[in-house]
Amino acid sequence: MLVDIAEKDVGDLQDQLASDVKGMKTDCLETVETNATVAPTIAFAGRFKLSGADNPGIVHRLTSVLAQNRLTIANMKTKHEEAPFGGTELFTVEGRSVAYEPLSSNFEWTKIREELKELGDSLNCDIEFDDVTGSSFRD
């Protein structure tokens, strides 16, 4: 457990842990605060786009497939527009998903693309999913 306390109280805490916690061994180590920041390394980046008739839960179902494959959504935007014929509303969601190092040994982005294609078929939507690892997020 990491505890952040005032430097003047460290000795009291160590004494209390040593005497009040019976049947348990405790160790106190002091850490040094550094200003270093750790930035995770992106091992995979994917671009997704879903287009089709809007229906409840469509975003949840799309993002659930990404989450089940341990992908994080880096950015996402949605858009509604009236279909040219039929008076229905068309829905588009697109964005980027990423996976950080280390990747699972069984990670295959093409399998995710197939899962998303099957989802699109079940929702009567088009879903695209492409590997854009190494590309700028502004592409």
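This is a predicted model: local features need pLDDT of at least 70, side-chain atom pairs count only at pLDDT 80 or more; totals for chains, interfaces and linings use all residues.
Serine 97 has its place in strand β3. Leaving aside residues up to four places away in sequence, serine 97 touches Phe44, Ala45, Gly46, Phe48, Leu66, Leu71, Thr72, Ile73, Ala74 and Phe129. Several of these contacts come up again below.

The next step is the sheet to which β3 belongs. In general, the strands of a sheet pair through backbone hydrogen bonds, and they do so either in parallel or in antiparallel fashion. Here the sheet is open and has 4 strands, in the order β2-β3-β1-β4, with antiparallel pairing. The edges are taken by β2 (72-82) and β4 (125-131); each has a single partner strand, so one side of each is left without a neighbour in the sheet. Direction ignored, neighbouring strands of this sheet are turned by 10° against each other on average.

Methionine 76 has glycine 95 as its bridge partner in β3. Glutamate 81 stands opposite leucine 90 in β3, and glutamate 82 stands opposite glutamate 89 in β3. The hairpin of β2 and β3 has 6 residues between the strands, and in this hairpin glycine 86 takes a positive phi near 95°.

On to β1. Strands β1 and β3 pair in the antiparallel sense over 11 bridges. Glycine 52 lies in β1, and its bridge partner in β3 is phenylalanine 91. Is glycine 52 buried or exposed? At 11% relative accessibility, glycine 52 counts as buried. Not counting residues up to four places away in sequence, glycine 52 touches Glu89, Leu90, Phe91 and Cys125. Glycine 52 and alanine 83 are 31 residues apart in sequence, and their C-alpha atoms are 9.6 Å apart in space.

The helices come next. Helix α2 lies across β1 (42-53), β2, β3 and β4, and runs at about 155° to β1. Helix α3 (residues 109-123) also packs on the sheet: α3 touches β1 and β4, and its direction makes about 170° with that of β4.

Which residues of α2 are buried? They are Ile58, Leu62, Thr63, Val65 and Leu66. These residues cover an arc of only 150° around the axis, which puts them on the same side of α2. Just after α2, arginine 70 takes a positive phi of about 60°.

Threonine 63 is one of the buried residues of α2, a helix that spans residues 58-68. The side chain of threonine 63 reaches the backbone oxygen of histidine 60 at 3.2 Å. Threonine 63 also touches Ile73 and Met76, when residues up to four places away in sequence are not counted. Met76 is the residue whose bridge partner in β3 is glycine 95, and Ile73 is among the contacts of serine 97.

The last topic is the aromatic rings. A pair of aromatic rings is described by the distance of the centres and the angle of the planes. In the whole structure, a search finds 4 aromatic pairs. One of them is formed by tryptophan 109 and phenylalanine 129; this pair is tilted, with 6.3 Å from centre to centre and 55° between the planes. The pair links distant parts of the chain, since tryptophan 109 is in helix α3 and phenylalanine 129 is in strand β4, 20 residues apart. How do the two residues stand in terms of burial? Tryptophan 109 counts as partly exposed, at 23% relative accessibility, whereas phenylalanine 129 counts as buried, at 1%. Ring pairs link Phe44, Phe107, Trp109 and Phe129 into a cluster.

Notes: Residues are numbered from 1 along each chain as its sequence is written. Side-chain values use heavy atoms; hydrogens and water are left out. Helices (H or I, at least four residues) and strands (E, at least two) are DSSP runs, numbered from the N terminus. A polar contact is a pair of N or O atoms within 3.5 Å; within protein, one must be able to donate a hydrogen and the other to accept it, and residues adjacent in sequence count only if both atoms are side-chain atoms. Contact means heavy atoms within 4.5 Å. Two strands pair if DSSP finds at least two bridges between them. Axes are lines fitted to C-alpha atoms, for helices over the stretch in contact, and angles run from 0 to 180 degrees between N-to-C directions. Rings of Phe, Tyr and Trp (its six-membered ring) pair if their centres lie within 6.5 Å; planes under 30 degrees apart count as stacked, over 60 as edge-to-face and the rest as tilted. Buried means under 20% relative accessible area, exposed over 50%, partly exposed in between (1.4 Å probe, protein chains only). The arc is that of the directions from the helix axis to the C-beta atoms.
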